[in-house]
Amino acid sequence: MTDVAVLGAGMHPWGKWGRSFVSYGTAAARAALADAGLDWRDVGSVVGADTVRGGYPGYVAGATFARALGWQGARVTSVYAACASGAQAIGTARAQILAGLADVVLVVGADAAPKGFFAPAGGDRPDDPDWLRFRVLGATNPAYFGLYARRRMALYGDTPEDFAQVKVKNAAAGALNPLARYRTPVSAAEVAASAVVADPLRLLDICATSDGGAALVLSSMGFARRHGHPDPVRIRAVSTVTPVYPRTVLDLPDVATDSAAAVPAPRRSFRSSIARAAYEEAGLGPEELSLAEVYDLSTALELEWYEDIGLCARGEGAKLLREGATALGGRIPVNASGGLASFGEAVPAQAIAQVCELTWQLRGTAGDRQVPGARAGITANQGLFGHGSAVVAVR
Amino acid sequence: MARTRRPVVAGWFTDGDADGSTGRTADGTAGSDKTDGTGVAAAPVPHAGFRLLGTRCTACASVFFPREDDWCRNPGCPGGELVETPLSRRGRVWSYTDGRYRPPAPYVSDPDAPWEPYTLVAVELAAEAMVVLGQAAPGVRTADLAVGMEVEVVPGVLHEDAEHVWTTWHWRPVADGSGEAGA
């Protein structure tokens, strides 16, 4: 058995608060520790998910949070994997627990993001694909989201109205989440009236960039039982697989795909392989899920995830949405938290926040957005440079 | 004052006009993308010799763009030599979008000038079995494009400054009945 227990979950509300990422992460860590009923000095290891926006403290996030909480001698690790940073931090914590290196591990991620498009690190760096896509093409993140959305329209007949409906659904859920940045319902007409950013996507189809922090306290199942948690939420799988050559779907920050001229494309796309690995590790499949939290960087991308995590066949994401299956009250709610549509992206915190939501849902403490009887959930995300993650949690 | 034509990235496409005069193109014919600093939007003739340049592994025939010059990235390849190879001149639109807002640096644009949206096209090249992104030629809007439409690569100008005309590649819909040979 490779389960680890989730003893505590905590978040700093998402928003634009104008403070340092350290402040948000530390607040989230304190909330998670309080939720676990543990003292920070009980923690044997701290794993920080790095941010590239906080200077040196951001690159050594584990130590930064350990210092802010008060040095107590814990083992420290800092990881970076773009949008999957938080899940890699969870994966690292789990490995340490399962290897017997630590009984209790604190996982923290936080960011303070600037307004507007994410931009590459400064300087003249023609060897950096992220720098090149801006220099040569001006290809922002939403440009790639626009390419995917248009491709769906051409291949599957998705419409801008379908995309808008994802925003309407997620905004309705986010309105019920006190930790979300945007807590106002949004209508399809409001999406349609917002400015086009990257054809066919409009401003309200694309997630914002936010400040926020999230943390988890994880432990061995033995420690959980010994400390009054006989039936904790368990993390059963953490997938952090890389793509398989040749990668044939154009992805950020690349100017081109791999060539499939010499080696045929793998049967599964990278995104679907991320979820597949998590299901295999967890020994369960999409039909056993109660809910899913997926990375809705854009509305259209959420539909792509429905297919990638196996909720429906390729091309049927919009149909699943139209049926209401993925809304609160539906067969398989997706982004019951409100998703990135309601939070905005705080990169290293986001994958941790997804697991916080699963934790509360599986405990039955998600309040007005509770998915009744939730027993199993998956999170999924994808980041730049071949990163992606999926976490399966069960109760 | 004559400005020097300079590719935005060296070695990614044929550079037949580096000194601002008519130069040699990949197939040995004379190119004609002269500029007086006003851009090449009105370039009068097809740029039959203009190509994107990738590399091809001599052992497994994998193609790389942007060019890979050190090691073949096919994990099953014993490791061959990487030799420069021109990519197909024509392909089909995989998808397209546009940039309605000014991208951040290092994209170069005049902050005092009104923002002019540009179109981005992802193009599927059949022979290479890969998708290559690029800006569309000036004047090509998303309404002019469709997934599956045939496009060709043409030389273009990304921007100009006091010393240089920074050149790039553009994708442009193939005019019906142009009679040009495909790649």
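Start by selecting chain B: you'll find nine strands and zero helices. Keep in mind that what you have open is a predicted model. Walk along the sequence of chain B and the pattern reads β-β-β-β-β-β-β-β-β.

Stay on chain B and colour by burial. Of its 183 residues, 48% count as buried. Now look at who touches whom inside the chain: among contacts with a separation of 6 or more, 56% are between residues 24 or more positions apart. Show the surface next. Chain B exposes about 8600 Å², and carbon and sulfur atoms supply 50% of that.

**Where the two chains meet**

Bring chain A into view. How many residues of chain B are in contact with chain A? There are 47 of them, and they meet 38 residues of chain A. Together the two chains bury about 3500 Å² between them, with carbon and sulfur atoms giving 65% of that area. Select Trp94(B), Pro106(B) and Leu133(B) next: they supply 19% of the area that chain B buries against chain A, more than any other three residues.

Hold on to Pro106(B) for a moment and zoom in on its backbone. A cis peptide bond joins Ala105(B) to Pro106(B), with omega about 15°. Pro106(B) belongs to the loop that runs between strand E5 (90–99) and strand E6 (118–125) of chain B.

One more stop in chain B is Ala61(B), in the loop between strand E2 (53–57) and strand E3 (63–64). Check its phi: the value is near 70°, which is positive in a residue other than glycine. Is Ala61(B) buried or partly exposed? Its relative accessible area is 37%, so Ala61(B) is partly exposed.

**Over to chain A**

Select Leu252(A) and Pro253(A), which are joined by a cis peptide bond with omega about 0°. You'll find Pro253(A) in the loop between strand E8 (233–239) and helix H10 (270–282).

Then jump to Ala82(A), in the loop between strand E3 (75–79) and helix H4 (85–98) of chain A. Here phi is near 50°, a positive value in a residue that isn't glycine. Ala82(A) counts as buried because its relative accessibility is 9%, and the cut-off for buried is under 20%.

Next, pick Gly15(A), in strand E1 (residues 4–15) of chain A. With 4% relative accessibility, Gly15(A) counts as buried too. Which residues does Gly15(A) touch, leaving out those up to four places away in sequence? Show Arg181(A), Ser210(A) and Asp211(A) to see them. Now draw a line from the C-alpha of Gly15(A) to that of Ser342(A): the two are 327 residues apart in sequence, yet 10.0 Å apart in space.

**Last stop: an enclosed space**

Rolling a probe the size of a water molecule over the atoms shows where empty space is left. The structure holds four cavities of 30 Å³ or more.

Highlight strand E9 (291–294), helix H13 (339–343) and helix H14 (347–363) of chain A, as each supplies at least two lining residues. H14(A) gives the most, with four. Colour the lining by residue type to finish: five are nonpolar, six polar and three charged.

Notes: Residues are numbered from 1 along each chain as its sequence is written. Chains are lettered from A and ligands numbered from 1 in the order in which they are written. This is a predicted model: local features need pLDDT of at least 70, side-chain atom pairs count only at pLDDT 80 or more; totals for chains, interfaces and linings use all residues. Side-chain values use heavy atoms; hydrogens and water are left out. On a 1 Å grid over the protein atoms alone, a cavity is a set of points where a 1.4 Å probe fits but cannot get out, and a pocket is an open set with protein on both sides within 12 Å along at least five of seven lines; lining residues have an atom within 4 Å of a point. Grid points are joined across faces, edges and corners, and a volume is the space filled by probe spheres set on the points. Ala, Val, Leu, Ile, Met, Phe, Trp, Tyr, Cys and Pro count as nonpolar, Asp, Glu, Lys and Arg as charged, and the others, Gly among them, as polar. Buried means under 20% relative accessible area, exposed over 50%, partly exposed in between (1.4 Å probe, protein chains only). Contact means heavy atoms within 4.5 Å. Accessible areas come from the Shrake-Rupley method with a 1.4 Å probe; for residues, only the protein chains shown count as cover. Buried area is the accessible area (1.4 Å probe) that two parts lose on being put together, summed over both.
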